[in-house]
Amino acid sequence: MTLILMVVGKTPLYSTAIVGATLAALVFGIPVTSDGDVTTIKTLVIGGLNPVIADMAGVLIFIGAMEHTGYLRILVNAIIRQGSKLGGGPGVAASGGIAAGLIGAFTGFTQPAITAVVTGPASVKLGVSPDKSAGTHAHAGHLGNFAGFTHPTLLAVIATTGITFGWINAIGLATALTIFGVSFARMRADVKKSEKLSAADAREALSDFQRADGEPRVWWVLLPFALLVVGFAMGYPVFAVGFVVSVIVMAMARVNPMAAERSMLESVQRVAVPLIATIGFLYMSGVIASIGITDLLGGWFEPLIDAAPIITLVLVSAVAGLLTQSNSASAAIILPMLTIVVAQGDVNPLAAAVAAAGPTSIMQYFLTGGPVAALATTIPVVPGSELKSANRFQRPSQLAGLVFVAAVAVILGGF
């Protein structure tokens with residue numbers, strides 16, 4: 001019943017997961033506490049406090065420092081300028097969406113309208129169709145959800161498979177860039193058929209993104225990101241790496257340490273929703289396993305999972321995203337199946353994580369353009385765009401992304 005309510009989406013998602021899981025555990029006879037070595041509601045809740053939550057806080061501390069120093073804005077503007085150089089109006093639309101996706105990946109708040117309000121009209125002035133510009137900007141959600149560090153479903157998948165941040169984020173980024181790349185190529189083909197703008201009009205459209213006097217060079221603001229990635233790759237604790245690099249950012253920008261620290265702590269406040277959601281999902285997953293539902297599903301799907309566990313996960317994840325149109329609600333369907341596959345013991349954990357987290361992050365946007373913070377928010381800020389047409393433009397690119405992520409999962413872990 002809890003899983004059905006979560007999928008239908010008519011009740012508060014996280015409260016439903018926590019309350020429903022608790023009732024199921026109590027009805028099954030799991031005690032609240034116990035002095036013996038038995039499964040209790042207390043141990044299941046503590047099981048939801050996965051170390052990945054501390055990693056998420058470390059990334060948010062780093063982003064707080066980057067925002068306070070202005071380095072994040074400099075980087076976003078540089079991405080948009082490069083996008084224009086590479087592809088004119090289509091490049092501006094694609095880079096605007098990528099910039100919004102990168103902000104969402106690090107902050108947990110993917111809102112394509114943040115950049116689309118400026119880059120949307122600019123790309124239209126440079127010859128891009130309004131519908132296609134709005135649709136391309138809204139691809140930001142794929143990047144923020146699958147390549148990021150704060151989405152509850154991705155965090156729950158990472159915790160269930162026992163992997164860490166790093167390759168899963170890189171694969172998420174590659175998947176999102178595949179989707180952006182296909183949309184860019186399709187827009188570029190259309191623009192080539194239209195009349196070219198004058199150089200003056202093109203400069204005016206991009207005036208908001210030019211480098212300001214005295215602004216640091218792009219390679220300088222990229223250094224902290226490089227240090228963060230190196231720290232991840234060397235296996236150091238993400239929280240420690242994020243904190244140390246934040247201090248380095250303070251020194252590089254020569255800002256007031258007291259004010260910078262306040263910004264870092266304010267950034268960590270964004271952890272509230274993913275924190276509750278991740279603990280709730282992992283707690284629910286633990287209850288599902290403890291009361292025998294995982295074993296029951298395992299019996300039903302055993303032939304399919306035995307024959308092709310990775311493909312099974314890809315299909316379950318894609319259908320969950322398509323039906324629920326929510327990456328968060330999909331967790332109710334994905335996590336039990338992922339637990340069964342991981343329990344087999346002979347599956348590549350990264351492949352299983354990619355197969356579980358990737359398809360739903362794409363297909364949640366397929367039917368309507370996605371939940372509230374997606375296509376519906378770019379339509380009002382891109383003059384002349386219309387939601388249905390923009391969504392139709394998105395779909396072929398999203399299917400290309402689905403094929404890409406399924407292929408990566410199969411290459412890593414077989415069928």
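Begin by selecting Arg186 and Phe393: Arg186 lies over the face of Phe393, 4.1 Å from the ring centre. The model on display is a predicted one. Next, select Arg395 together with Phe366. Here the charged end of Arg395 is placed over the Phe366 ring, at 5.4 Å from its centre.

Turn now to the aromatic pairs, of which the structure holds two. For one of them, select Phe62 and Phe225. Their ring centres are 5.2 Å apart and their planes stand at 90 degrees, so this pair is edge-to-face. Phe62 belongs to helix H4 (residues 52-69) and Phe225 to helix H12 (residues 218-233), so the pair ties together parts that are 163 residues apart in sequence. Both Phe62 and Phe225 are buried.

Then select Trp219 and Trp220. The centres of their rings lie 5.6 Å apart with the planes at 90 degrees, so this pair is also edge-to-face.

Finish with two helices: select H13 (residues 238-253) and H14 (residues 257-268). Their axes come within 10 Å and cross at roughly 140 degrees. Angles over 145 degrees would count as roughly antiparallel; H13 and H14 are therefore oblique to each other. The crossing of H13 past H14 is right-handed. To view the contact itself, show the side chains of Phe243, Ser246 and Met250 in H13, which meet Pro257, Ala260, Glu261 and Met264 in H14.

Conventions:
Residues are numbered from 1 along each chain as its sequence is written. This is a predicted model: local features need pLDDT of at least 70, side-chain atom pairs count only at pLDDT 80 or more; totals for chains, interfaces and linings use all residues. Side-chain values use heavy atoms; hydrogens and water are left out. Rings of Phe, Tyr and Trp (its six-membered ring) pair if their centres lie within 6.5 Å; planes under 30 degrees apart count as stacked, over 60 as edge-to-face and the rest as tilted. Helices (H or I, at least four residues) and strands (E, at least two) are DSSP runs, numbered from the N terminus. Buried means under 20% relative accessible area, exposed over 50%, partly exposed in between (1.4 Å probe, protein chains only). A charge sits over a ring if NZ of Lys or CZ of Arg is within 6 Å of the ring centre and within 35 degrees of the ring normal. Axes are lines fitted to C-alpha atoms, for helices over the stretch in contact, and angles run from 0 to 180 degrees between N-to-C directions. Angles under 35 degrees count as roughly parallel, over 145 as roughly antiparallel, 65 to 115 as roughly perpendicular and the rest as oblique. A crossing is left-handed if the near helix is turned anticlockwise from the far one by less than a right angle, and right-handed if clockwise. Contact means heavy atoms within 4.5 Å.
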